[in-house]
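Okay, thanks for coming, everyone. Let me put the structure up and walk you through a couple of spots.

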Amino acid sequence: MRTATPSTARAINDRLALDLLLEQGPLTAPQLKTLTGLSRPTVSDLIERLQAGGLVEAHGMTGGDRRGPNAKLYRIVAGRAHVAGVGVRRDAIHAVVTDLAGTTVGTRTREAGGDLAEQVAAAVTEAAAGRAVDAVAVGVPGVVDPRTGDMLEASMLPGWRPGLLGDLRARLAAPVVLENEVNLAALAEHREGAAAGRDDFVMLWLDEGIGAAVVLGGRPRQGASGGAGEIGFLDSPAGSICDLLTRQEVSRLDLGELARRVVLAAFPGVAVLDPGLVVLAGDTGREGGAELASRVADGLAAVAPVPTEVRVTEVEGDPVVKGAVVTALTTARDAIFGAP
């Protein structure tokens with residue numbers, strides 16, 4: 001078994017401290033010592049090192065009646081980097097720019113139209129308002145090839161053409177990640193919504209488009225070619241799932257019939273994966289609320305071989321953009337802090 005070199009150990013300790021400062025900061029040196037289990041000299045060294053690197057700064061004292069270095073609070077230098085999360089819809093492009101701590105510093109919404117790469121880049125640039133952007137994540141309503149990271153054919157998006165990923169990287173001069181919008185929404189659900197604390201779940205996206213995200217071990221699964229969760233193609237005696245759950249169809253259904261159709265969409269994932277949890281997201285899931293979730297749970301219990309909880313989305317705001325911001329922050333933090 002290899003032992004860690006001193007430089008590797010320092011990098012691991014630094015990342016541990018930085019993650020704690022992001023999650024719980026500002027913190028004092030004694031608090032970091034307690035939380036990390038590191039010795040006092042090691043914590044002092046890493047604080048000095050992180051300050052010298054421009055990653056951490058002093059931020060006041062723990063109390064006016066205390067003096068000395070142990071009372072000093074430290075925090076992440078949030079302005080060290082900025083990231084953008086983007087949600088692309090058929091009619092609009094939404095961009096949010098945050099600092100390294102995840103605090104929003106700018107937003108921009110543009111109507112869709114014209115070259116898609118140009119419009120996305122413009123939305124990011126306008127939201128950044130002169131700030132350099134260190135990482136960008138874009139949620140798109142289509143399949144993203146996990147081998148290339150680029151979007152496959154997406155004629156439903158105005159202005160799309162092959163090579164979107166490379167075009168965006170060239171226009172923004174920053175790392176860019178493309179991801180299916182439902183996978184990003186599931187990431188937000190796992191981080192702060194109905195699936196918080198649950199590493200395995202299936203999220204049904206019931207909105208203008210119909211899809212699903214499969215999350216196993218806390219990570220959205222793309223599948224071999226990026227098509228995991230494309231439940232809209234599933235067929236049933238009553239028609240395709242995509243046609244059965246359009247917003248127009250849903251508007252004329254009573255709650256019982258809607259629940260029956262949602263069960264048709266959820267059952268394959270429950271039977272194959274046994275996720276233990278199904279989250280109903282998108283406008284239809286949110287509007288159906290707890291009553292729809294209860295009826296879907298009863299319907300699954302009648303046909304599925306495993307117990308499955310059903311919950312309604314709890315993410316406020318735009319879950320796709322929120323998931324995109326989380327993805328962009330992970331990219332930037334790994335580049336600046338070092339991969340964990």
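Strands here are DSSP runs of at least two residues and helices, H or I, of at least four, numbered from the N terminus.

Quick housekeeping: this is a predicted model, where local features need pLDDT of at least 70, side-chain atom pairs count only at pLDDT 80 or more, and totals for chains, interfaces and linings use all residues. Numbering starts from 1 along each chain as its sequence is written, and side-chain values use heavy atoms, with hydrogens and water left out.

Back to E4. In a regular strand, side chains alternate between the two faces of the sheet. Here His82, Ala84, Val86 and Val88 point one way, Val83, Gly85 and Gly87 the other, and all are buried.

What about its neighbours? E4 pairs antiparallel with strand E5, residues 92-99, over seven bridges; pairing takes at least two DSSP bridges. Three residues make the hairpin joining them, and glycine 87 has histidine 94 as its bridge partner in E5. E7 runs parallel to E4, joined by five bridges, with alanine 137 of E7 opposite glycine 85.

Threonine 148 counts as exposed because its relative accessibility is 52%, and the cut-off is over 50%. Threonine 148 and serine 225 sit 77 residues apart in sequence, yet their C-alphas are 9.9 Å apart.

How values were computed: Buried < 20%, exposed > 50% of the residue type's maximum accessible area, 1.4 Å probe, protein only.
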